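Dear colleague,

Please keep the sequence and the 3D view open while you read.

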Amino acid sequence: MAVAYKDLLDPAHLTRIENYALMAKGAVEGFLSGMHRSVYHGLGTEFLQYRNYVPGEDLKYVDWKVFAKRDELVTKVYQEETSMNCYFVIDASASHNYQGERAACTKLRYACMIAASLAYLATRQGDNISLFAYQDSIVEALEPGHRNGQLHRFLQALIRLKPEGHANHERLLQSITHHMRSRGLVVYLSDMLEAEETLPRMLQTLRFQHCDCLAMQVLDPDEQDLPHGYPVRYIDSETGQEVTTFADTVREGYEKSMGQFMEDLKKGFRDAQVEYTLLLTTDNLGRALSQYLHKRESIT
Amino acid sequence: MLSFGNSLFLFALAGLAVPILLHLINRELAVNLKFPSIRFINRSQLPRREKRKLRDLLLLLLRLFLFAAVVLAFAKPVWIEPLASVPEGTTLRQTVYLVDASSSMARGNQWQEALAAVRKDIADTDSDQVGMVVYADRVLSQLPLSEDSDPVENFLQELEPSFTAGSPGPAIETAVRLFRPDSDKRLVLVSDFQETDWQRDLPGVSEDVELVFLTPRANDAVNVGIVNVNTVPVGKNRARVLVTVRNNSSESQTVSITLNGEFGSEEKMVNLPAGQLGNATFTLDVEEPRAMTANLRADIYNRDNVWHFWVAPHPVVRVIAFLPNLDEPQAVNAFYFLQTALEVESESDWVRFEVMALDRGFFEESVLVDADVIVIPAAAAYLKDYQWEDLITYLDQGRTAIVLPGERFPKQFRALERHGIMNSRFLGLAGNTNERQTPYHLSSINPSSRLAQTFADAAAKDLFLVNVYRYVRLQPSSEDTILMAFENGDPAILALSVGQGTLYAPTFAFDPSWTDLPLRNSFLPLVRELVQEGFDTNRLRQQIFVEEASQLAEPILAPTSLEADGKYWEINVNPSESVSGHVDTEQWLPALLSQKPLYAKGTATTHAFPSGSGSQKDLWPWLLMIALLCLLLESLLTGIKDTVQPSVLQKTDPV
């Protein structure tokens, strides 16, 4: 049975693919092939491949020799040659181990899927990719690069990640600041819980180092609406604190507090001039990919 | 009046509080859930399940009833009908007579005296109710407590002594249970108080039971009784009968012992000192099994003057040899020597052997059943695993097997180790050629074995000169018995216990290339004794006493001899009933009975009564029925509850 386009970006579908490389390739190719007109080809001089001409496209890229031979309009695609670094920063604390009944995977797995897809896309665009994953301290670090094997190393690092411990954002900032010496794009993936004041400030610091930031908040739908219709003893994944409650009676207050938290977070990022995107673990990866491409284009 | 047999169980009713408390605090249980952040989650009161309140209440009531009914049933409640004849304010006087009807009560006129004593006691004692328990090896009959005297007299008229030994313990318990808890209790023990019966385990009797001992007049007249008759085959179709008698009187006696049977009768005189045993021996021609009796002349106790027994020639011993491979010379040689040694007949031998060879395909459980002894000459290496299992099953039943090594001896001994038959460790071969200049010699025989009797003193000389050129060396284990050993201490023949049977494992083959034993004089007695070592030549003869005859298909109540289940049964009166000693009923017996009360003081009023005694009714069957009904309703109600609202508690932690 043929795989539908929407399936290629559906977390429920993608999470069944254990191999990150395969998963990222499928998601990205699916995403790109679904667009009417792709302008995100490379701007370099090294020929990469042909693709069919799309009406409206600049005629200067049409290969007329091929047209003469085969009576077929094709455009040349070139390998982009830039030195832009794409830093992926992933929060791998214990709170990312949550998977609600509606979600197909845990938050960490979802964040890794996004990172893998974006890294694949970035590599395809000729960007250098780098990875920082952290909990109490940095647990995975990969220097920027685009040579052979960089994507493989990136994906292997993602595989090794296990959601544990408490997220120490301040320490992360201190650790990665000196790594970011050149201009680049920081893709930050986290649930951002209890950090609505810290994170915008932190990412703003990175902006001062000429890095564009893309903050992607990964949440489980359960965290938005607290759907449990039975008494639950909630145990905080990171602190171990407990609270026993009946969700039906506290849901209204919870949604209100959560809404306020999200608003504060958005405002903080807006003030820090950091682009913010909320992603639920039930959302398909298309939004994340398009966010990246828009940002990438604006940088270019 | 309501009474309880096990009133301590009533304390368990306190457990009723548990479901009530559970009901009062009944709330849904919280499910543990690891959540990313509990920052915005407030604590709240857990909801009560108000919707199911009525159903819960019904369930609670049913469960309380169920629990209470089970507890009360275990407490053995009894409903005792109040007696109209007992005036208010007076105590009911009850007397139970415990009458010994064991065989010894038939001595002289003891039985008549005992019954007369009972009648006199009933007449002399002003009891409101009289009951009776008659016993021998068990409770034979009982008469419930009754105010009417006619049933008692009718009951007495039908009694007569049995042919069994007495066991008063269970009868005392039965008699005590006949009493009402609130009555004035009197237990009258009517017996000869023979020491062989009354020195067994006796139960204690509560202090509120008055004990009375009615003893028939002691009779010290002469009594000589037969204690045992044994038969031993002597030569072909001849048997020796050994009659053992005891003089139970205080003076020496000369008695005449007569054997009676189809052949006629034969008599012998025996002189017996006081209290001593004596024997008389008869030799008879026996061609086929026949029942006989040994008789003494009449005396004060005639039941020990007759002894029923069987005289039978010993059956042929069937030896089955397993010969799977006729090409194996050692197997064929060993079989030839064994067959020759076992089948040779002489007038002095009283055991006959029948040797049969089995092919490979016939070694199976159904064939083995017919074998008295199995011999596996140099062929154990050919046995499959399932055949080893068959052999072990065969040995488990108390049979015998002999396994001789052959060329493939390592496989045989490793199989013995592997199947857990042999605990000794196989080490290898000692010696390897028959040209060896210094052969090994046997040097010792296990003194507790039958072989040690056969080869005692000079008879062992030839055996110890036997040359063994090679043998299988074993490191002996303490769990294996060494029947014979070499000079260096290595085992020559092992006796391996398998269940109730024995497997004999010589460590050398009965073959000229291994030893010259088959060519020596010692071989024949060695083989025949080895085969008989674990074989019971008397296995078909069964000697039991009348009280043990319940194991037979048809009940036997008197001494006799009969053939049943392929065995010859000799059923006689227990000689312990001939003993004239009596226990002391003045001090020793009352003290013994009061030492271990059946029921602790103060709780004697709570014992249960046997059903059918007339004035009491057991209530526990009704309570169990109520409990079952409650259980059924509870299951129905629980099913409805689960259908109406699936329990959210079944939800699992998604993390």
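This is a predicted model: local features need pLDDT of at least 70, side-chain atom pairs count only at pLDDT 80 or more; totals for chains, interfaces and linings use all residues.

**Where the chains pair**

Taking the interface as a whole, 33 residues of chain A are in contact with 24 residues of chain B, and the area buried between the two chains is about 2,800 Å², with carbon and sulfur atoms giving 66% of it. The rule finds one salt bridge across this interface, in which the side chains of A:Glu196 and B:Arg39 meet at 2.5 Å, N to O. Eleven residue pairs, both at pLDDT 80 or more, are found in polar contact between chain A and chain B. On the side of chain A that touches chain B, the elements giving two or more residues are helix H9 (222–225), strand E8 (231–236), strand E9 (242–246) and helix H10 (247–271), and by class that side has 14 nonpolar, ten polar and nine charged residues.

Chain A also holds an open sheet of six strands, in the order E5-E4-E3-E6-E7-E10, with mixed pairing. Its edge strands are E5 (138–145) and E10 (275–280), each of which pairs on one side only. Within chain A, strand E6 (residues 184–190) and strand E7 (residues 211–219) pair in the parallel sense over seven bridges, and A:Leu185 stands opposite A:Asp212 in E7.

Terms used
Residues are numbered from 1 along each chain as its sequence is written. Chains are lettered from A and ligands numbered from 1 in the order in which they are written. Side-chain values use heavy atoms; hydrogens and water are left out. Contact means heavy atoms within 4.5 Å. Buried area is the accessible area (1.4 Å probe) that two parts lose on being put together, summed over both. A salt bridge is a side-chain nitrogen of Lys or Arg within 4 Å of a carboxyl oxygen of Asp or Glu. A polar contact is a pair of N or O atoms within 3.5 Å; within protein, one must be able to donate a hydrogen and the other to accept it, and residues adjacent in sequence count only if both atoms are side-chain atoms. Helices (H or I, at least four residues) and strands (E, at least two) are DSSP runs, numbered from the N terminus. Ala, Val, Leu, Ile, Met, Phe, Trp, Tyr, Cys and Pro count as nonpolar, Asp, Glu, Lys and Arg as charged, and the others, Gly among them, as polar. Two strands pair if DSSP finds at least two bridges between them.
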